[in-house]
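Visitor: Hi! Could you walk me through this one?
Guide: Gladly, let's bring it up.

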Amino acid sequence: MTIREAAAALRARRISSVELTKAALDRIARYDPRLRAFITVTGDEALAAARRADQELAEGRDRGPLHGIPVAVKDVFATRGVRTTCGSKIFADYVPDFDAAVVERLRAAGAVLVGKTNMHELAYGITSANPHYGAVCNPWDPERVPGGSSGGSGAAVAAGMVFMAMGSDTGGSIRIPAAWCGVVGLKPTFGRVSRYGMLPLDFTLDHAGPMTRSVHDAALVLNALAGFDPRDDTSSRHPLEDYVPPEDPSLQGIRIGLPENFYFTRVAPGVAEAVQKAAQLAEQAGATIIPVRVPDVAAMNQISRIILLVEAAAVMQPYMERWREIGEDVRLLLEQGLLLSATDYVQAQRLRRLMREEYRKVWRQVHCLLTPTMPIPAPRRGETHLRWEDGTEDLRPGATRFVRAINMFGWPALSLPCGLDPQGLPLGAQIIGPPFSEARILRVAAALEARLPRLAPPAL
Amino acid sequence: MRSPRYTTCMPDWRLLAAARGLNLPEEDLHRIEPVLDELYAVLSDRAARIPLTAEPLINFRCEVEEEAI
């Protein structure tokens, strides 16, 4: 069931928010010991919120499509009175006295928060193998990772525990678990959704966005979240739109770029075929597919990593005396950031501007790009390398090749399930657009979703 | 007195760590070095070609792409 379907059922009095919330909590109780998607479950508060939601609907006070819908947020978003760990032992006892902007807006829209999802420690990694709160398992195959860093959110949505879970994305952390868990993940434009109250990993690369079971649901959530927030210095005043796409929209007049270079090399069997099939479906919906050449995205990824290393080390430097309590993989990244110089950082930021100039030329040719989200389906737990005919590469930089660079430019992107690989694991197609083109991205995604076979939920 | 010679070469990450007073474990340094070498190679190559007037994008904001179709 999607948010749209649940919202219709709530208004038709076929179901109540309390029933939806109890079902969510039952499912969490049943499957979370195995999946470890949650760090904290707020069952009593959720049921109280659900009762209020039902009462309000009965009184004719309708807060919109999220009213009474059980959702979760990654444990990187501050929640008043509920601990917010950022997946780390360092923040294990941190109980904020305020809500993050995202949480405020979800509550104002009537959503029912059932808990805080597990994640890669400090949102700094792609496996969500959390050493303190348990390794999150992929609902499609518990021996595989769900992706990260928003792995608990991806697993919770894929396992039907919640209708929507919020993620954060610094170098792909919404889109990676979305692709590997077979759900929709939307990273909006930098500044579109407030980051106030989101524990930072990187000041200039972090984004917040929803993970859902459908494109329409992602749009509904963006409608609730988008908007200027004076408490976030990077928040944008760019005009808002209704992000919800029409039913099975036409793509007439939309030019979709299909990269000829970089995005289709070193990909696992089935990945290129699935995305090319999606391109054909877009064409059937009226879009024009334009082959395009993209600049040196590999170099952009490296520069993005340098910025991340330095800024994340700066964020965590006040806690250096406790770095021994951080998992080894994350600690090594923080240490690397300490060794890069101020000059290196400024040069990386100068290159960031130049690279944006280089890459943005693509927007003179096309409205959006269609690429694979990930070069591989979800890897098995413990895998550290990608193996190709012409060599190997480390899992983290290798797997994030297609998602990382655009965070440097703040561009919006969405990952959409686009089929299964030969092993039956979900694959994602990524739609990338210029700043503030979320409505168009969602329209393209909705058209593809309407034509792609819908994935059956994973057997748990 | 000899005049200084400025060259671009790979930093000695161990010396840098020691100079900064970071007491990083040997096994961590061993794993960090090749990663930083790889990143630094890309950075220094590109940085050598940055135009003089290129400013950093530190105060990052997203704006509408004026030239987008």
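Guide: At 2% relative accessibility, A:Cys86 counts as buried (under 20% relative accessible area with a 1.4 Å probe, protein chains only; exposed is over 50%, partly exposed in between). This is a predicted model, where local features need pLDDT of at least 70, side-chain atom pairs count only at pLDDT 80 or more, and totals for chains, interfaces and linings use all residues. Residues are numbered from 1 along each chain as its sequence is written, chains are lettered from A and ligands numbered from 1 in written order, and side-chain values use heavy atoms, without hydrogens and water.

Visitor: What's the phi of A:Cys86?
Guide: Near 55°, a positive value in a residue other than glycine. Most residues other than glycine have a negative phi.

Visitor: And A:Asp248, buried or partly exposed?
Guide: A:Asp248 is partly exposed, at 43% relative accessibility, and its phi is near 40°.

Visitor: Which residues does the cis peptide bond join?
Guide: A:Gly148 and A:Ser149, with omega about 10°.

Visitor: Switching to the interface: how many residues does the contact take from each chain?
Guide: Chain A gives 53 and chain B 36, where contact means heavy atoms within 4.5 Å.

Visitor: How many salt bridges are there across the interface?
Guide: The rule finds three, each a side-chain nitrogen of Lys or Arg within 4 Å of a carboxyl oxygen of Asp or Glu. One salt bridge links the side chains of A:Arg331 and B:Asp28, at 2.9 Å from N to O.
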